[in-house]
Structure formats: C-alpha cells, structure tokens
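Let's take a friendly walk through a structure, chain by chain and then residue by residue. Please keep the sequence and the 3D view open as you read.

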Amino acid sequence: MFQRRFFAQSTLASLRAAAPRFVYAGLVVVALGMVLFARDDNPVVERMRASAADVAAPVVEFLSRPVATVTTVINAVQELAHLREENARLRIENERLLRWQAEARFLATEVRKLRKITNFKTLSTSSYVTTRVLADTGGTFAHSVLIAAGAEKGVGKGQAVLAPEGLVGRVTSAGYSTARVLLITDLNSRIPVMVEETGFRAVMTGDNSPQPKLIHLPLGEQISPGQRLVTSGHGGALPPGIPVGVTIPMEDGQLAVQVFFDRSRLDIVQAVEQQSGDLNASSQ
Amino acid sequence: MMFEGTLHNLDRLWRLASPFLLTLILVLLALIPTRIPELATIQPLLPLIAIYHWTVFRPDLMPMVLVFLAGMLEDLLSGGPMGIHTLMMLIVYGLVQSQRKFLFRKPFLVNWIGFAIFSAAAEIAAWTLGSLSLFAALPIRPFFFQFLITLALFPLLALALALWERHIIREY
C-alpha cells in the first residue's frame with residue numbers, strides 16, 4: 001500500500017518535472033510546422049501580418065525618430081562639405097535636363113498629334129499614392145519593406161511601387177494603414193521587362209542577391225550588357241515603361257540586372273494603381 | 001491603504017514584465033531603416049541577445065511561452081517564412097536552458113562565446129529550414145553577416161540589460 005502510493009507520487013513528480021520539456025517540444029513542433037506548412041499566400045497568415053504591421057507602425061514610427069534625426073544631422077554635415085561640388089554638378093545636370101525637357105515637350109506634342117490622326121485610345125490611366133518607407137525587414141529570408149499607406153489611401157495588392165530612380169517592387173499585402181512591398185530583388189519576384197531600345201522581352205527574377213537575373217530571354221535575340229530595362233507591362237500587373245535597371249554581365253555568361261533604386265536610400269515612394277486593363281491584355 | 005497596495009503591485013508588475021517588453025521593443029527596433037549603405041540588407045537579430053541574457057540570468061522572467069510570442073511577432077513583421085524566427089529563438093532558449101548551470105556566474109567572455117555558439121546554431125538551422133521552405137538555396141552571406149553584427153552588438157546590449165536588471169528590476 002505504502003509502496004504503491006510512493007510509486008504514484010514519484011511518477012507524478014517526475015511527470016511534473018518533465019512538463020517543461022513537453023511544452024518546449026510542443027512549441028518547437030508548432031514553429032517547425034509553420035515553417036514547413038504555412039505558406040505565405042495563406043489568407044489567414046496574410047491578414048495576421050497586415051494587422052501586426054498596422055499595430056506596430058506607430059511604435060516603429062516613434063522609435064525611428066531619433067534615428068531619423070541622427071541621419072538628418074549626418075547628411076547635413078556631409079552636404080555642407082560637398083556644397084560647391086554638388087552645386088557645380090547640379091548646374092551641369094540642370095542644363096542637360098533642360099535639353100531633355102525641350103525634347104520631351106516636342107515628343108509629347110508629336111505623340112498627341114499622331115494619336116489624333118490614328119484615333120488612338122489610351123486604355124489605362126494610373127493614379128499615384130505617395131508615401132514613406134516605414135520599415136525595412138532585412139535580407140536574410142525576404143527582401144521586403146513596409147510602407148506607411150494602406151487600404152485607407154487606396155494602396156492594394158499587386159500595385160507597383162516606384163522610387164524616383166525606378167521600380168522598387170510590388171505590394172503583396174495591404175493593411176489599413178500599412179502595406180508590404182516585395183522588392184524586385186526578392187526570391188519570389190518575377191517582373192516582365194523589356195529592353196528599352198529594342199523591345200526584346202525577358203523576365204527578371206530575384207534571388208535575394210542585390211542583382212536579379214534575366215530569364216526567358218528571346219531565342220536568337222541578343223541582349224547585351226549595358227542596356228536599359230523597363231517594365232513591359234506584359235500580363236497587366238504593372239504599368240509599362242517604368243525604368244528597372246541596366247543589364248550587367250555575369251561570370252557564367254548569363255545576364256544580371258543592376259537595379260536603379262538604392263535600398264539604403266529608400267524613403268519616399270509611390271504606389272501606382274492602374275485604373276483599367278493594359279494594352280497587351282486587351283489586344284490578346 | 002488599498003490604493004497604495006494596488007500601486008505597489010502595478011509597479012512590481014511592470015518591472016517583472018519589462019524583460020519581455022524590452023524584447024518586443026528590440027523586435028521593432030530592428031525594423032527601422034538605418035539608411036546606411038551596405039547595411040540595409042543586414043539586420044542584427046537583437047531579440048536573440050535579450051532572450052539569451054534573460055534565460056541565463058532571470059529565467060523566471062523569460063518563460064518559453066513569451067519567447068514563442070516574441071518570435072511570432074518577429075515572424076509576422078519580417079517578411080520571412082512564418083515560424084522561422086520563433087524557431088531560432090526557441091533554439092537559443094533551449095540551448096541556454098541545457099547549459100544554464102554552467103553559464104550562470106561565469107565571466108562575461110564565457111557568455112559571449114556561449115552566445116556565439118548558440119546563435120550560430122540558430123542561424124544554421126534558419127538557413128537550412130528557410131531554404132527548404134522556399135525551395136531554393138538562400139544566399140549564405142546575409143546569414144553570416146547577421147550573425148557577425150549581432151555578435152558584435154552583444155557586449156553593448158548585454159551590458160544595458162545587466163544594468164536594467166540591477167537598477168530597474170532589482171530584488172523583485
């Protein structure tokens with residue numbers, strides 16, 4: 001009798017001592033299960049992510065103020081040091097841009113005239129939402145940033161996001177006041193592009209390195225290093241003609257792309273909403 | 001009298017909750033864009049340091065359920081596969097738990113080395129599982145640099161947390 005009670009007590013005690021291990025193992029299994037089975041396009045995961053970003057945004061905003069101040073001061077000092085050079089450079093650039101402006105005006109008039117003659121109708125119009133980059137989530141797994149505008153301002157899934165230099169990425173999920181942008185360098189990014197001069201089409205695919213690769217090159221056509229790439233608008237997801245990058249050669253003879261936007265300087269960006277379907281989609 | 005008691009309890013509560021709250025703040029801190037060239041893609045994993053520190057010195061204030069929650073927040077906010085940061089934090093937590101008797105009351109250098117080994121294990125696991133779940137071999141460099149920069153920040157953050165423990169949490 002005594003022995004049996006003792007045995008029961010000791011089993012209970014050892015079970016109690018082992019309980020944390022069971023809980024730990026359980027939590028590890030749950031985490032592992034999520035890694036292997038919770039896909040990113042899962043709507044529940046997507047909604048949870050968007051809500052978490054919405055909730056965290058004000059705190060991140062508050063925490064980033066000192067960082068922003070320090071950066072501003074550092075930039076101001078650097079700018080002061082290079083004021084003269086910068087001024088000279090801007091003068092030259094301004095001259096160059098004025099010539100381009102004249103040419104652009106001339107071309108715009110010509111395009112308008114030609115469109116009138118051929119009775120051409122533009123099928124798509126775009127509207128822009130300008131916002132700031134709120135958070136950069138690093139580069140170990142995914143290349144993405146959070147922007148400080150969401151469904152509230154009309155930012156939605158699939159929209160293109162642009163920096164002044166060129167295409168940055170696409171909105172993958174939008175919360176109420178924030179949205180996640182998958183950068184064009186991300187592993188999961190596929191952007192239909194074309195060579196600006198020749199119109200040859202290819203697909204630019206990210207691989208989590210700073211330089212995405214070009215795949216699905218046209219057979220028999222040559223794309224050489226140093227050519228500018230713009231979005232082709234193929235598939236209708238992105239507006240055509242957005243600058244993307246310049247082709248650069250790789251060691252194995254393939255082509256990579258040096259993208260135009262600079263991730264460390266990302267600040268003000270624009271989300272583009274296309275109002276109606278694009279030319280390619282409707283002509284097919 | 002009762003009011004004073006409530007105030008006292010509230011005060012005690014926030015001090016005891018502060019290790020977890022600090023860990024959450026570290027999760028958010030890593031998201032802030034530094035706008036420093038070359039550093040944009042390498043984010044230190046600061047919460048890992050906090051979890052190491054509290055698990056060694058005040059395991060009563062960092063139960064594993066909270067480790068799990070901090071990891072979930074990191075997973076939700078960073079764009080990676082769900083669960084991967086949770087797993088990294090649980091790995092560090094588990095390894096520290098198994099060696100806690102050895103690490104406790106050891107000189108700082110021993111803890112630094114301990115963190116180096118445990119966080120390396122977590123990064124390797126993260127790279128392997130991340131690659132598996134994304135069906136592609138992820139570039140190794142970002143993981144390596146994340147490991148290095150986190151390790152470099154360890155002394156600073158560990159000191160700050162030790163001071164916090166001594167002056168804010170004190171005898172509670």
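## Reading the elements

Helices are DSSP runs of type H or I with at least four residues, strands are E runs of at least two, and both are numbered from the N terminus. With that in hand, chain B reads along its sequence as α-α-α-α-α-α. Its count is six helices and zero strands. Chain A, by contrast, comes to four helices and 12 strands. Please keep in mind that this is a predicted model.

## Chain A as a whole

How does the radius of gyration of chain A stand beside that of a compact globule of 284 residues? The globule would have a value near 19 Å, but chain A has 26 Å. Taken along the principal axes, the box filled by its C-alpha atoms is roughly 105 × 55 × 45 Å. Buried residues make up 36% of the 284 in chain A. Looking at contacts with a separation of 6 or more, 55% of those in chain A come from residues 24 or more positions apart.

The accessible surface of chain A is about 17300 Å², and carbon and sulfur atoms account for 60% of it. As for charge, chain A carries 30 positive and 26 negative side chains, with 8 Å between the centres of the two sets.

## Chain B as a whole

Chain B agrees with the globule rule, because a compact globule of 172 residues would have a radius of gyration near 16 Å and chain B has 17 Å. Its C-alpha trace spans about 65 × 35 × 30 Å along the principal axes. Of the 172 residues in chain B, 49% count as buried. Among the contacts in chain B with a separation of 6 or more, 74% link residues 24 or more positions apart.

Chain B has 11 positive and 9 negative charges, whose mean positions are 8 Å apart.

## A buried threonine in chain A

Now for some individual residues. A:Thr247 sits in strand E10 of chain A, which covers residues 243-249. Is A:Thr247 buried or exposed? A:Thr247 counts as buried because its relative accessible area is 1%, and the cut-off for buried is under 20%.

The side chain of A:Thr247 comes to 2.9 Å from the backbone oxygen of A:Ser224. A:Ser224 is also among the contacts of A:Thr247 beyond four places in sequence. Others on that list include A:Ile223, A:Pro225, A:Gly226 and A:Gln227, along with A:Leu214, A:Leu229, A:Leu255 and A:Ala256.

Most residues other than glycine have a negative phi. Which value does A:Asn208 take? Phi of A:Asn208 is near 65 degrees, which is positive although the residue is not glycine. A:Asn208 belongs to the loop that joins strand E7 (201-205) to strand E8 (213-215) in chain A. With a relative accessible area of 4%, A:Asn208 is buried.

B:Phe135 also has a positive phi, near 55 degrees, and is likewise a residue other than glycine. Its place is the loop between helix H5 (108-134) and helix H6 (141-169) of chain B. B:Phe135 is classed as exposed because its relative accessible area is 72%, where exposed requires over 50%.

B:Leu24 is found in helix H1 of chain B, residues 2-29. Since its relative accessibility is 22%, B:Leu24 counts as partly exposed. Setting aside residues up to four places away in sequence, B:Leu24 touches B:Ala70 and B:Leu73. The C-alpha atoms of B:Leu24 and B:Phe115 are 20 Å apart, and 91 residues separate the two along the chain.

B:His53 lies in helix H2 of chain B, residues 46-57. At 4% relative accessibility, B:His53 is buried. Which residues does B:His53 contact once neighbours within four places in sequence are left aside? They are B:Arg58, B:Ala158, B:Leu161, B:Ala162 and B:Glu165.

Technical notes
Residues are numbered from 1 along each chain as its sequence is written. Chains are lettered from A and ligands numbered from 1 in the order in which they are written. This is a predicted model: local features need pLDDT of at least 70, side-chain atom pairs count only at pLDDT 80 or more; totals for chains, interfaces and linings use all residues. Side-chain values use heavy atoms; hydrogens and water are left out. The radius of gyration is taken over C-alpha atoms; the globule rule is 2.2 Å times the number of residues to the power 0.38. Buried means under 20% relative accessible area, exposed over 50%, partly exposed in between (1.4 Å probe, protein chains only). Contact means heavy atoms within 4.5 Å. Accessible areas come from the Shrake-Rupley method with a 1.4 Å probe; for residues, only the protein chains shown count as cover. Lys and Arg count as positive and Asp and Glu as negative; His and the chain ends are not counted. The place of a charge is taken as NZ of Lys, CZ of Arg, CG of Asp or CD of Glu. A polar contact is a pair of N or O atoms within 3.5 Å; within protein, one must be able to donate a hydrogen and the other to accept it, and residues adjacent in sequence count only if both atoms are side-chain atoms.
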